[in-house]
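Try each one yourself before you read its solution.

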Amino acid sequence: MGFLDNFKQAMAAAKDAANNNIERQRAEKAAAETALRPQVNSQAKHAPRPQSRLPEGVVQANLMQMDPIPLGTNSNGQNVMVNISGVIRAKAMGVSSMDSNGQREEIKSIVRETLTRELSPQIDSMGNLKFLMLEANRLNKVVIAELNARGYEAAFTMPLIIRPQ
């Protein structure tokens, strides 16, 4: 029985060594994660955060919530409507009396008005991907020019995307 007793003791010692090794690795991993986290003091935790990370006076208008724009009827007699998406950053060139929400809404209304006026009357081509991409590229320039004419220095963060509905 001496051999089996020695074998049992060796297995118990190996089990203890493996458990100690696992615990050591967990402790090292926890210490490494703690060291990687930035240390924040209690005052910084409760400090008010800025509303926007944009530069002073710049507003970002998201066009994805715009209502579809009606174009008319195609040759099949179906009403054609398009959804427009994109993101514009703009800054009033002069002093603006509106808050940022008011500026966003004004930018969206200018964009909608411009797109309603400038969208191509080629309704039957609205299913052609190449046509839609070229039209969106053309409209990007037109929208920026219109915003500049109305007192906003603007640029697209995400260009226009036209999708027929």
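**Exercise 1.** In which helix is Met 11 found?

Solution. First, the ground rules: this is a predicted model, where local features need pLDDT of at least 70, side-chain atom pairs count only at pLDDT 80 or more, and totals for chains, interfaces and linings use all residues. Residues are numbered from 1 along each chain as its sequence is written, and side-chain values use heavy atoms, leaving out hydrogens and water. Now look up Met 11: you'll find it in helix 1 (residues 2–36). Helices here are DSSP runs of H or I with at least four residues, and strands are E runs of at least two, numbered from the N terminus.

**Exercise 2.** Work out whether Asn 140 is buried or exposed, and find what it touches.

Solution. Start with its place: Asn 140 sits in helix 4 (residues 129–149). Next, check accessibility: Asn 140 counts as buried because its relative accessibility is 13% (buried is under 20% relative accessible area, exposed over 50%, partly exposed in between, with a 1.4 Å probe and protein chains only). Finally, leaving aside residues up to four places away in sequence, Asn 140 touches Phe 156, Pro 159 and Leu 160 (contact means heavy atoms within 4.5 Å).

**Exercise 3.** Find which residues pair with Glu 113 in salt bridges.

Solution. Glu 113 meets Arg 117 at 4.0 Å, N to O (a salt bridge puts a side-chain nitrogen of Lys or Arg within 4 Å of a carboxyl oxygen of Asp or Glu). Those two lie four residues apart in helix 3. Then there's Arg 150, whose side chain meets Glu 113 at 2.5 Å, N to O.
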